[in-house]
Amino acid sequence: MRAIGRPRQIEREEGRAIAKRIVCTEQEPVFRPPQHAHIVAVGIGNDPGSASERLTLAEVLQQIASGVIFYTIGATSGKTAYVEPFRCTWCGRVFIRSRADSVKDNNLDSLRYCAWKAA
Ligand SMILES: [Zn+2]
């Protein structure tokens, strides 16, 4: 069992598991915008104001499958929420979402939109 409450410790733990913090998302209407939008890419980094790595949805799913842990931290609550893959019942495709125990400000949907072109 992994010590799921402490991603930074996990990261230091002999490299057995890597934890990546998601700080922003890119969403795309799939078939029925705007209610039915999904995350198609995320920004990774330790600074919530500036992502250092961009990963597409496919890359995130592939990394989750290989054991990488993705999480978010609430801007005001400071709480960690873990990210999991899920299959959308509407379109049948697999996307990522925050686990059900996330609070409002650390939910993936509450993160800012990635701004890769900004300085
Ligand atoms: Zn869908």
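How many helices and strands does the chain have?

1. Overall make-up. The chain has two helices and seven strands. The structure is a predicted model, and the points below should be read accordingly. Starting at the N terminus, the order of the elements is α-β-β-β-α-β-β-β-β.

2. Confidence. The mean pLDDT over the chain is 83, and 79% of the residues reach a score of at least 70. Confidence is lowest in helix α1, residues 7–12, where the mean is 52. Helix α2, residues 57–65, has the highest confidence, at 97. Where pLDDT is low, predicted coordinates should not be read in detail.

3. Burial and contacts across the chain. Of the 119 residues, 21% count as buried. Among contacts between residues at least 6 apart in sequence, 46% join residues at least 24 apart.

4. Partners of strand β1. Strand β1 comprises residues 19–29 and pairs with strand β4, residues 69–73, in the parallel sense, over three bridges. Within this pairing, Lys20 has Phe70 of β4 as its bridge partner. With strand β2, residues 37–44, β1 pairs in the antiparallel sense, over seven bridges; here Thr25 stands opposite Val42. A further pairing of β1 is with strand β7, residues 112–113, which is parallel and has two bridges. In that pairing, the bridge partner of Cys24 is Arg112 of β7.

5. The hairpin of β4 and β5. Strands β4 and β5 run antiparallel and are joined by three bridges. Tyr71 stands opposite Tyr82 in β5. Six residues lie between the two strands of this hairpin, and Gly78 takes a positive phi near 70 degrees.

6. The hairpin of β5 and β6. Strand β5 covers residues 80–87 and strand β6 residues 94–98; they pair in the antiparallel sense over five bridges. One of the residue pairs is Glu84 with its bridge partner Arg97 in β6. This hairpin has six residues between its strands, and Gly92 in the turn has a positive phi of about 80 degrees.

7. Asn106, a loop residue. Is Asn106 buried or exposed? Asn106 lies in the loop between β6 and β7. It counts as buried because 23 C-beta neighbours lie inside 10 Å, whereas the cut-off for a buried residue is 20 or more. Residues touched by Asn106, leaving aside those up to four places away in sequence, are Thr72, Ile73, Gly74, Ser77, Lys79, Thr80 and Ala81. Thr80 is 26 residues from Asn106 in sequence, yet their C-alpha atoms are 6.7 Å apart in space.

8. Where is Ala17 found? Ala17 is in the loop between α1 and β1. Ala17 is partly exposed because 15 other C-beta atoms lie within 10 Å, a count that falls between the limits of 12 or fewer for exposed and 20 or more for buried. The C-alpha atoms of Ala17 and Gly67 are separated by 6.4 Å, although 50 residues separate the two along the chain.

9. Points to keep in view.

Note on methods
Residues are numbered from 1 along each chain as its sequence is written. This is a predicted model: local features need pLDDT of at least 70, side-chain atom pairs count only at pLDDT 80 or more; totals for chains, interfaces and linings use all residues. Two strands pair if DSSP finds at least two bridges between them. Helices (H or I, at least four residues) and strands (E, at least two) are DSSP runs, numbered from the N terminus. pLDDT is the predictor's confidence in each residue, from 0 to 100. Two residues are in contact if their C-beta atoms, placed from the backbone, lie within 7 Å.
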